[in-house]
Amino acid sequence: MKLVVCPLSVMIACGDGVEDVKPGDRVAYAGGAPGAYASHRIMPCDRLIRLDDRLDLGDAARVLLKGMTVEYLLNRCVPLGPGKIALVYAAAGGVGLLAGQWGHHLGATMIGVAHGEEKCALARANGYSHVIDRSREDLAARIRELSGGRGVDVVYDSVGKASFETSIHALKPRGTFVSFGTTTGAPPAVEAAQLQKLGSLYFTRPTLVTYTASRQELLDSAGAVFSMLLDGQLRVHRGSDYKLEQVVQAHHDLESGRTAGSCLITP
């Protein structure tokens, strides 16, 4: 496999036969084997994305993984558009804020779930027509109210175990449950009979790896994200910045829900 050596998103060396990138290029990647906290990495060139010179490196780092997640969820997994109602958990998180903007751009009605008025206000400022404060509102009742009693077309659920029952009962007949995260643990097993009884529902557990399996899919997804960013249709909410020696604190803050938007760890 063709390999490249890449520190801090700037190429310093390429193996024989590498044509897509060259030394000195600014590049980005998302996923792959562990090693994001290393000073240098050897990466397969077909998983690298060359960055437009107009892109800020920090913004590219903040948006790429989360942005491609939003792209495949809203464009390809369950495509959104006018007349569609979508429910998104963690609406004030890095993925959630981008999803609100992207869904609004596509013309869908976006309902977000967040914790506390500050995070709810942030979500409302990023494309959500409605935001439910799970710290003080009845989530199930508000979803039914906001969807006119019919339920939502799709739930994008990154929470998992704790939100499963609410999510599956929030859907309209023939709605789709998209389970793409497990921050509270894995959701329970889904029985075919349950999907039938609740209105011929669909259930899927997608991953970014599958949706960017080919190089062309990777480039198309990243290209869509960066195009929207450069066009001003997508804004990056810059969360907390941490130095590498603060990485333990960064993980504690993330796990405790003290972060909002996209955080960045730098050397």
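For the helix pairs here, an axis is a line fitted to C-alpha atoms over the stretch in contact, and the angle between two axes runs from 0 to 180 degrees between N-to-C directions. Keep in mind that this is a predicted model.

**View 1. Helix 1 against helix 2.** The axes of these two helices, helix 1 and helix 2, come within 9 Å and cross at roughly 45°. The crossing of helix 1 and helix 2 is right-handed. On the helix 1 side, look for Val63, Lys66, Gly67, Thr69, Val70, Glu71, Leu74 and Asn75. They meet Gly94, Val95, Leu98, Ala99, Trp102, Gly103 and Leu106 of helix 2. Sorted by class, this helix 1 and helix 2 contact has 8 nonpolar, 5 polar and 2 charged residues.

**View 2. Thr69, a buried residue of helix 1.** Thr69 sits in helix 1. Its relative accessible area is 11%, and buried means under 20%, so Thr69 counts as buried. Skip its neighbours within four places in sequence, and Thr69 is in contact with Val95, Phe180 and Leu208.

**View 3. Helix 1 against helix 8.** Here the axes of helix 1 and helix 8 come within 9 Å and cross at roughly 110°. That angle makes helix 1 roughly perpendicular to helix 8. Helix 1 brings Ala60, Val63, Leu64, Gly67, Met68, Glu71 and Arg76 to the contact. Helix 8 brings Glu217, Leu218, Ser221, Ala222, Ala224, Val225, Phe226 and Leu229. The residues of this helix 1 and helix 8 contact divide into 10 nonpolar, 2 polar and 3 charged.

**View 4. The largest nonpolar core.** In soluble globular proteins, nonpolar side chains tend to be buried together. The largest nonpolar core in this model has 41 residues. Val63, Leu74, Leu80, Met110, Tyr128, Tyr156 and Phe226 touch the most other members. Elements that give two or more residues to this core are helix 1 (57–77), strand 6 (85–88), helix 2 (94–106), strand 7 (109–114), helix 3 (117–124), strand 9 (152–157) and helix 8 (215–230). Helix 1 supplies the largest share of the core, 9 residues. A second, separate core has 19 residues, including Tyr89, Ile111, Leu146 and Val155.

View 5. Met110 is found in strand 7 and is buried, with a relative accessible area of 0%. Not counting residues up to four places away in sequence, Met110 touches Leu74, Leu80, Ala86, Val88, Ala99, Gly100, Gly103, His104, Gly127, Tyr128, Ser129 and His130. Phe226 is another matter: its C-alpha atom and that of Met110 are separated by 22 Å, with the two residues 116 apart along the chain. Leaving aside neighbours within four places in sequence, Tyr128 is in contact with Val88, Ala91, Gly96, Ala99, Gly100, Met110, Ile111, Gly112 and Ala123.

View 6. Leu234 lies in the loop between helix 8 and strand 12 (238–243). Leu234 is buried, with a relative accessible area of 2%. Neighbours within four places aside, its contacts are Val63, Leu98, Gln101, Trp102, Val225, Met228 and Leu229. The C-alpha atoms of Leu234 and Ala250 are separated by 25 Å, and the two are 16 residues apart along the chain.

View 7. Lys119 belongs to helix 3 and is partly exposed, with a relative accessible area of 23%. Lys119 and Ala92 are 27 residues apart in sequence and 5.5 Å apart in space, C-alpha to C-alpha. Beyond residues up to four places away in sequence, Lys119 touches Ala92, Ala114, Gly257 and Thr259.

View 8. Most residues other than glycine have a negative phi. Arg174 has a positive phi of about 70° although it is not a glycine. You'll find Arg174 in strand 10 (residues 171–179), and it is exposed, with a relative accessible area of 64%. Ser200 also isn't a glycine, and its phi is positive at about 55°. Ser200 is placed in the loop between helix 6 (192–197) and strand 11 (202–204). At 44% relative accessibility, Ser200 counts as partly exposed.

Key: Residues are numbered from 1 along each chain as its sequence is written. This is a predicted model: local features need pLDDT of at least 70, side-chain atom pairs count only at pLDDT 80 or more; totals for chains, interfaces and linings use all residues. Side-chain values use heavy atoms; hydrogens and water are left out. A nonpolar core is a set of buried Ala, Val, Leu, Ile, Met, Phe, Trp, Tyr and Cys residues joined through side-chain atoms within 4.5 Å. Buried means under 20% relative accessible area, exposed over 50%, partly exposed in between (1.4 Å probe, protein chains only). Helices (H or I, at least four residues) and strands (E, at least two) are DSSP runs, numbered from the N terminus. Contact means heavy atoms within 4.5 Å. A crossing is left-handed if the near helix is turned anticlockwise from the far one by less than a right angle, and right-handed if clockwise. Ala, Val, Leu, Ile, Met, Phe, Trp, Tyr, Cys and Pro count as nonpolar, Asp, Glu, Lys and Arg as charged, and the others, Gly among them, as polar. Angles under 35 degrees count as roughly parallel, over 145 as roughly antiparallel, 65 to 115 as roughly perpendicular and the rest as oblique.
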